[in-house]
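I opened the notebook to look up a few places in one structure. The entries below follow the order in which I checked them.

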Amino acid sequence: MAIELYGPRHAKALRHAGRTAALTLRHVGERLKSGLTTADIDAMVRRDTETRGGIPSQLGYDGFPAAVCTSLNSVVCHGIPSKQVKLVRGDIINVDVTTEISGFHGDTSETFFIDDSDDVSAEAKHVVDVSRRCLAAGISVVRDGSRVGDIGAAISELAHAEGCSVVEGVGGHGIGRKMHMEPHIPHHGRAGTGVRLRTGMVFTIEPMINLGSPAIVFLPDGWTIQTEDGSLSAQFEHTVWVTDTGCEVLTELSTDPSD
Ligand code: MF3
Ligand code: CO
Ligand code: CO
């Protein structure tokens, strides 16, 4: 299948989907604190998404049993919310929100500190900071004519320079009328290789950065991916829309609190 391109006539709906996912993620992020369970996060995402008129894209996707992925400490991604998992001061947790609204999907995630940055270890702060900067580095090379490998190269160079590793095998993805579409966006790779990016493509960049080895294991639930060595992992994700000179980050809210 060819990669779908989206044009000016899709702008309103694409922006609406990205913004709605981002607003739900911000809503949840502002409410995280020790003592909550990851099932509480799921409930917040369901309620907030519904209030905004959206549908949680992840609920029931390939049988995924929740509305959001909650990935705690050494969980790399796809953590399933649970009543048994309580947030503890000093934890780091990635919350990954995907919302369908106006016929399109927006996908975004952040790793948060519990309860705040002073409560987490220097190592945790480091991996979170590196993963945030890796996402920015990946976004910075996106424009019409660059290649998928440019994104992975930018991300992995930064991660390695900071003493961290990049998870392979799970990556970003095209997104639009469906949550997961072509192309696959690896977070490692060589500059100048891979699919050429074109104006109108929409995809996610979502580097998973480990403090230790890049090796991962699946838990018996079939979803949760964890670091093999038990080291901390962090992730940030945005949905981007390629333009001639760069990209529009569809899931970015302005820092203005009234946004
Ligand atoms: N939002 C996730 C991503 O970034 C989707 C995970 S698939 C699920 O691609 F089924 F686990 F939700
Ligand atoms: Co994604
Ligand atoms: Co996501």
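Entry 1. I noted that this is a predicted model. I began with Arg 190 and asked: is Arg 190 buried or exposed? Its relative accessibility is 60%, and the cut-off for exposed is over 50%, so Arg 190 counts as exposed.

Entry 2. I looked up where Arg 190 sits in the chain. I found Arg 190 in the loop between β8 (181–185) and β9 (202–205).

Entry 3. I asked which residues Arg 190 is in contact with, leaving aside its neighbours within four places in sequence. I found Gly 149, Asp 150 and Ala 153. Arg 190 and Asp 150 are 40 residues apart in sequence, yet their C-alpha atoms are 6.3 Å apart in space.

Entry 4. Next I turned to helix α4, residues 148–161. I checked its length: at 1.5 Å a residue its 14 residues should span 20 Å, and the end C-alpha atoms are 21 Å apart, which agrees. Just after α4, I noted that Gly 163 takes a positive phi of about 75°.

Entry 5. How many of the 14 residues of α4 are buried? I recorded eleven, so α4 is largely enclosed by the rest of the structure. Among the buried residues of α4 are Gly 149, Asp 150 and Ala 153, the residues I had listed as contacts of Arg 190. Ile 151, Ile 155 and Leu 158 are also among the buried ones.

Entry 6. I then looked up what covers the buried residues of α4. The cover includes the helix α3 (122–140) and the strands β6 (165–166), β8, β9 and β10 (208–210).

Entry 7. I moved to the metal site.

Entry 8. I asked what Asp 107 bridges. Asp 107 bridges the cobalt ion (ligand 3) and the cobalt ion (ligand 2), and the two ions lie 3.2 Å apart. Asp 96 is in strand β4 (residues 92–101) and Asp 107 in strand β5 (residues 104–113), eleven residues apart.

Entry 9. Last, I looked up the accessibility of these two residues. Asp 96, at 7% relative accessibility, counts as buried. Asp 107 is buried as well, with a relative accessible area of 3%.

Technical notes
Residues are numbered from 1 along each chain as its sequence is written. Chains are lettered from A and ligands numbered from 1 in the order in which they are written. This is a predicted model: local features need pLDDT of at least 70, side-chain atom pairs count only at pLDDT 80 or more; totals for chains, interfaces and linings use all residues. Side-chain values use heavy atoms; hydrogens and water are left out. Donors are N, O and S atoms within 2.8 Å of the metal (3.2 Å for Na, K and Ca); water is not among the atoms, so sites may look incomplete. Helices (H or I, at least four residues) and strands (E, at least two) are DSSP runs, numbered from the N terminus. Buried means under 20% relative accessible area, exposed over 50%, partly exposed in between (1.4 Å probe, protein chains only). Contact means heavy atoms within 4.5 Å. The expected span of a helix is 1.5 Å times one less than its number of residues.
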